[in-house]
Amino acid sequence: MANASASSHASQFFDEIEQVARLLDRADVEKMANELAALRERNGRLFLIGVGGSAGNCSHAVNDFRKLCAIEAYAPVDNVSELTARANDEGWDTIFSAWLEVSRLSDKDAIFVMSVGGGDAERNISTNIIKAVDLAKQRGARVLGILGRADGHTGRNGDVVIVVPIVNPDRVTPLSESFQAVVWHCLVSHPILQMRKTKW
């Protein structure tokens, strides 16, 4: 019985992956590619911000944007010492905004939020992302994102946001975080962005 259940889950999960891929707005992906090309052209920096599984995705994506696309990119989560010192001494809410202030975030730069919800002040979720988005808006930096929901803080305040379609409300998180990787790999292999070939 367990094998039948696992087989049924796998089938449904990959059917949902297929549905998301069909429904994803390709025009938004093209818009994001153009936005990133313009960022590189003006010598702006890209700061990737996320928590939980999305933090891991940010770390991986920084490598790809730097190595394949020659975009100066950073992920605050890669410096665990600073991240935890700020969380311990100043509070979780400002771990990203304080990092961006030291990095002198400017109107040439962009933040790129990878998040399921994009921050929700009323529910006290991802308040660190909210503060980073607010700082970016104050500084005139562009706010980009790959999100699982359009109604969060990043979705409402972002300049170019790709929303992963909800095909199953019970699997918003795994599908959103999976498609963060799919979308950024589409971007780093885009002909207007990719400058160096992969080995394979």
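Leucine 46 has alanine 73, in strand β2, as its bridge partner. Strands here are DSSP runs of E with at least two residues, helices are runs of H or I with at least four, and both are numbered from the N terminus. The model is predicted, so local features need pLDDT of at least 70 and side-chain atom pairs count only at pLDDT 80 or more, while totals for chains, interfaces and linings use all residues. Residues are numbered from 1 along each chain as its sequence is written, and side-chain values use heavy atoms, with hydrogens and water left out.

Strand β1 (residues 46–49) pairs with β2 in the parallel sense over two bridges; two strands pair if DSSP finds at least two bridges between them. These strands belong to an open sheet of five strands with parallel pairing, in the order β2-β1-β3-β4-β5. The edges are β2 (73–74) and β5 (160–163), and each has a single partner strand, so one side of each is left without a neighbour in the sheet.

Helices lie on this sheet. Helix α2 (residues 26–41) lies across β1, β3 (110–115), β4 (142–147) and β5, and runs at about 145° to β5. Helix α5 (residues 95–102) touches β1, β2 and β3, and its direction makes about 165° with that of β1. Angles run from 0 to 180 degrees between N-to-C directions, and axes are lines fitted to C-alpha atoms, for helices over the stretch in contact. Contact means heavy atoms within 4.5 Å.

Two helices also pack on each other. Helix α3 (residues 53–69) and helix α8 (residues 172–188) have axes 10 Å apart, at an angle of about 5°. That makes α3 roughly parallel to α8, a term for angles under 35 degrees. Among the residues that make the contact are His60 and Phe65 of α3 and Trp184 and Leu187 of α8.

The largest nonpolar core has 56 residues, and those with the most contacts inside it include Leu46, Phe65 and Leu187. Such a core is a set of buried Ala, Val, Leu, Ile, Met, Phe, Trp, Tyr and Cys residues joined through side-chain atoms within 4.5 Å; buried means under 20% relative accessible area, exposed over 50%, and partly exposed in between (1.4 Å probe, protein chains only). Helix α3 gives the most to this core, with seven residues. Leaving aside neighbours within four places in sequence, leucine 187 is in contact with residues including Val29, Phe65 and Phe112.

Glutamine 12 is in helix α1 (residues 2–23). Glutamine 12 is partly exposed, with a relative accessible area of 37%. Beyond its neighbours within four places in sequence, glutamine 12 is in contact with Asn168 and Arg171.

Terms used
Angles under 35 degrees count as roughly parallel, over 145 as roughly antiparallel, 65 to 115 as roughly perpendicular and the rest as oblique.
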